[in-house]
Amino acid sequence: MTLVQLRHLVALAESGSFSRSAEACFVTQPALSRSIRALEDELGQALFDRVGRRAELTAFGAEALARARA
């Protein structure tokens, strides 16, 4: 887990959109998606439910977000 991945987590949670959060983090959308996927793989659970074009936090994701912000 890196600080960059945690920043990506926070940005995606705030915007709910991979493309908008990628733009805010100055990375490409595929790079942000890989970062989030790697974080989910490392933690062993999904952080977001992908609903159409939106990303919504799971219960585990909300807990991880609170720790990332702290």
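In which helix does Cys25 lie? I looked it up: the answer is helix H2. One caveat before I go on: this is a predicted model.

**Entry 1: Cys25**

I checked the exposure of Cys25 next. Its relative accessibility is 22%, so I have to log Cys25 as partly exposed; buried would need a value under 20%. Ala11 and Cys25 are 14 residues apart in sequence, and their C-alpha atoms are 7.4 Å apart in space.

**Entry 2: H1 against H2**

H1 and H2 have axes 8 Å apart and pack at an angle of about 130°. I noted the handedness of the H1 and H2 crossing as right-handed. On the H1 side the contact is made by Arg7, His8, Ala11, Leu12 and Ser15, and on the H2 side by Phe18, Arg20, Ser21 and Cys25. Sorted by class, the contact of H1 with H2 comes to 4 nonpolar, 3 polar and 2 charged residues.

**Entry 3: His8**

His8 is part of helix H1. Its relative accessibility is 7%, which means His8 counts as buried. Beyond four places away in sequence, the residues that His8 touches are Cys25, Val27, Leu32, Ser35 and Ile36.

**Entry 4: H1 against H3**

The axes of H1 and H3 cross at roughly 110° and come within 9 Å. Since 65 to 115 degrees is the perpendicular range, I logged H1 and H3 as roughly perpendicular to each other. H1 brings Gln5, His8, Leu9 and Leu12 to the contact, while H3 brings Leu32, Ser35, Ile36, Ala38, Leu39 and Glu42. The class tally for the contact of H1 with H3 is 6 nonpolar, 3 polar and 1 charged residues.

**Entry 5: H1 against H4**

One more partner for H1. Helix H1 covers residues 3–15 and helix H4 covers residues 59–69; their axes come within 10 Å and cross at roughly 120°. H1 and H4 are therefore oblique to each other. H1 passes H4 in a left-handed crossing. The residues in contact are Leu6, Leu9, Val10, Ala13 and Glu14 from H1, with Ala64, Leu65, Ala68 and Arg69 from H4. What does the contact of H1 with H4 hold by class? I got 7 nonpolar residues, no polar ones and 2 charged ones.

**Entry 6: the core**

Then I asked for the largest nonpolar core. It has 14 residues, and those touching the most other members are Leu9, Leu12, Phe18, Ile36, Leu47 and Phe48. Which elements give two or more residues to this core? They are H1, helix H2 (18–25), helix H3 (29–43) and H4. H1 gives the most, with 4 residues.

Not counting residues up to four places away in sequence, Ile36 touches His8, Leu9, Leu12, Phe18, Phe48 and Arg50.

**Entry 7: two loop residues**

Last stop, the loops. Gly16 sits in the loop between H1 and H2. Is Gly16 buried or exposed? Its relative accessible area is 2%, so Gly16 is buried. Setting aside residues up to four places away in sequence, Gly16 touches Arg53, Arg54 and Ala55. I took a distance here as well: from Gly16 to Pro30 it is 14 residues in sequence and 15 Å in space, C-alpha to C-alpha.

Phe26 is found in the loop between H2 and H3. It is exposed because its relative accessible area is 79%, and the cut-off for exposed is over 50%. I flagged its backbone too: Phe26 has a positive phi of about 60°, although it is not a glycine.

Technical notes:
Residues numbered from 1 in each chain as written. Predicted model: local features only at pLDDT ≥ 70, side-chain atom pairs only at ≥ 80, totals over all residues. Heavy atoms only, no water. Axes fitted to C-alpha atoms, helices over the stretch in contact; angles between N-to-C directions. Parallel < 35°, antiparallel > 145°, perpendicular 65-115°, else oblique. Left-handed = near helix turned anticlockwise from the far one by under 90°. Contact = heavy atoms within 4.5 Å. Nonpolar A, V, L, I, M, F, W, Y, C, P; charged D, E, K, R; others polar. Core = buried A, V, L, I, M, F, W, Y, C linked by side-chain atoms within 4.5 Å. Buried < 20%, exposed > 50% of the residue type's maximum accessible area, 1.4 Å probe, protein only.
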